Amino acid sequence: MANPTKVESDTRELIAGLCIELGWAEPLWIETTVDDPGTGQARKAVEQGVDVVMACGGDGTVRSVAEALAGTGVAMGLLPAGTGNLLARTLGTPLEMAAAARVALTGDDRAIDIGRVRVDGESDERVFLVMAGTGFDAEVMGNTPEALKAKVGPLAYVVSGLRAMRGRRTKVTIRLDGGEDLRRRTRTVLVGNSGTLLGGLVLMPEAEVDDGVLDIVNLAPKGIPGWVAVAARVISRRRRGHERVEHWTAKEVLITAEDPQASQIDGDPIGDVTEMSVRVDAGALVVRVAEGSPAAELLPGK
């Protein structure tokens, strides 16, 4: 699956050449569209009996392909072509296209968890691989222009983040695994399958993509000095140590905001949301990782 707005003009020929070199049949080349960013195309590929589906694009493309592959046992190869590429960074997938394609064709399979999200009582669940959340984080994602991302890359998120820091905290209720309600004031609540951010920053130090639980973090800084303190805590990778940062783990999370909050799933804005229900789907997705890498060693039976 290739996002035509993200890939270089010679990508198709490069991948086809690698397939021939490595003894594979010529690959199907299916492009995503505005109406279907990858889910429908991936389902059709599975129906045709493919061995691996390569998701070539940004985090949104990867998430859409994963939604179709979850539970099928068909492996997903990551061909990073976006700004964030957070799952690829977490799993140690090369960010260079030819090297990533070689991993997708020759690597080992690893089963990882996915998150499933339902917002405001919708009947359908959405899938995420890295993080979902409400508040500041989603504001930054939603207010970062595509043109700026294309020009300066990940630095574009820093620019948007600095602009959003002065926003106000809001009241939320957080319920973990059906337990008692935790009432908080917050700037952002994030639910993560992986804790890695751009630039190698680790927001959730204990998060693992195959541990069967979700990691939740509440950030509640007050003003610029509060953000500076929170940033220092994140850079230090300590799970505890600042009163404005709280961590939990759970298999199911319900976040209810007093007022609708900007929300995102794997960096894609999904609009203002009042209620976000999240659950882990353990081991639901098979991902192709570099042969003999630490990621591969974590597979069951390795």
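Predicted model: local features only at pLDDT ≥ 70, side-chain atom pairs only at ≥ 80, totals over all residues.
Residues are numbered from 1 along each chain as its sequence is written, and side-chain values use heavy atoms, with hydrogens and water left out.

**View 1. The second largest cavity, with β11 and β12 in its lining.** Rolling a probe the size of a water molecule over the atoms shows where empty space is left. Here a cavity is a set of points on a 1 Å grid over the protein atoms alone where a 1.4 Å probe fits but cannot get out, and lining residues have an atom within 4 Å of a point. Grid points are joined across faces, edges and corners, and the volume is the space filled by probe spheres set on them. The lining consists of Thr134, Ile255, Thr256, Ala257, Val273, Thr274, Glu275 and Met276. Strands are DSSP runs of E with at least two residues, helices are runs of H or I with at least four, and both are numbered from the N terminus. By type, the lining splits into 4 nonpolar, 3 polar and 1 charged. Ala, Val, Leu, Ile, Met, Phe, Trp, Tyr, Cys and Pro count as nonpolar, Asp, Glu, Lys and Arg as charged, and the others, Gly among them, as polar.

**View 2. The largest cavity, holding about 60 Å³ of space.** There are 2 cavities of 30 Å³ or more. Around the largest one sit Ala55, Gly57, Gly58, Asp59, Val62, Leu78, Leu79, Pro80, Asn85, Leu86, Leu87 and Ala88. Two or more lining residues come from each of β1 (52–57), α3 (59–69), β2 (75–80) and α4 (86–91). This lining divides into 8 nonpolar, 3 polar and 1 charged.

**View 3. Leucine 78 and the largest nonpolar core.** A nonpolar core is a set of buried Ala, Val, Leu, Ile, Met, Phe, Trp, Tyr and Cys residues joined through side-chain atoms within 4.5 Å; buried means under 20% relative accessible area with a 1.4 Å probe, protein chains only. Of the 40 residues in this core, Val65, Met76, Leu78, Leu87, Leu129 and Leu285 touch the most other members. α3 gives the most to the core, with 5 residues. Leaving aside neighbours within four places in sequence, leucine 78 has contacts (heavy atoms within 4.5 Å) with Ala55, Val62, Leu87, Ala88, Leu91, Thr93, Ala100 and Val287.

**View 4. Asparagine 193 in the loop between β8 (188–192) and β9 (214–219).** Asparagine 193 counts as buried because its relative accessibility is 0%. The side chain of asparagine 193 reaches the backbone oxygen of aspartate 113 at 2.8 Å and that of leucine 129 at 3.0 Å. Beyond neighbours within four places in sequence, the contacts of asparagine 193 include Ile114, Phe128, Val130 and Glu208.

Methods: Buried < 20%, exposed > 50% of the residue type's maximum accessible area, 1.4 Å probe, protein only. Polar contact = N/O pair within 3.5 Å; in protein donor to acceptor, adjacent residues only side chain to side chain. 1 Å grid on protein atoms, 1.4 Å probe; cavity = no way out; pocket = protein on both sides within 12 Å on 5 of 7 lines; lining within 4 Å.
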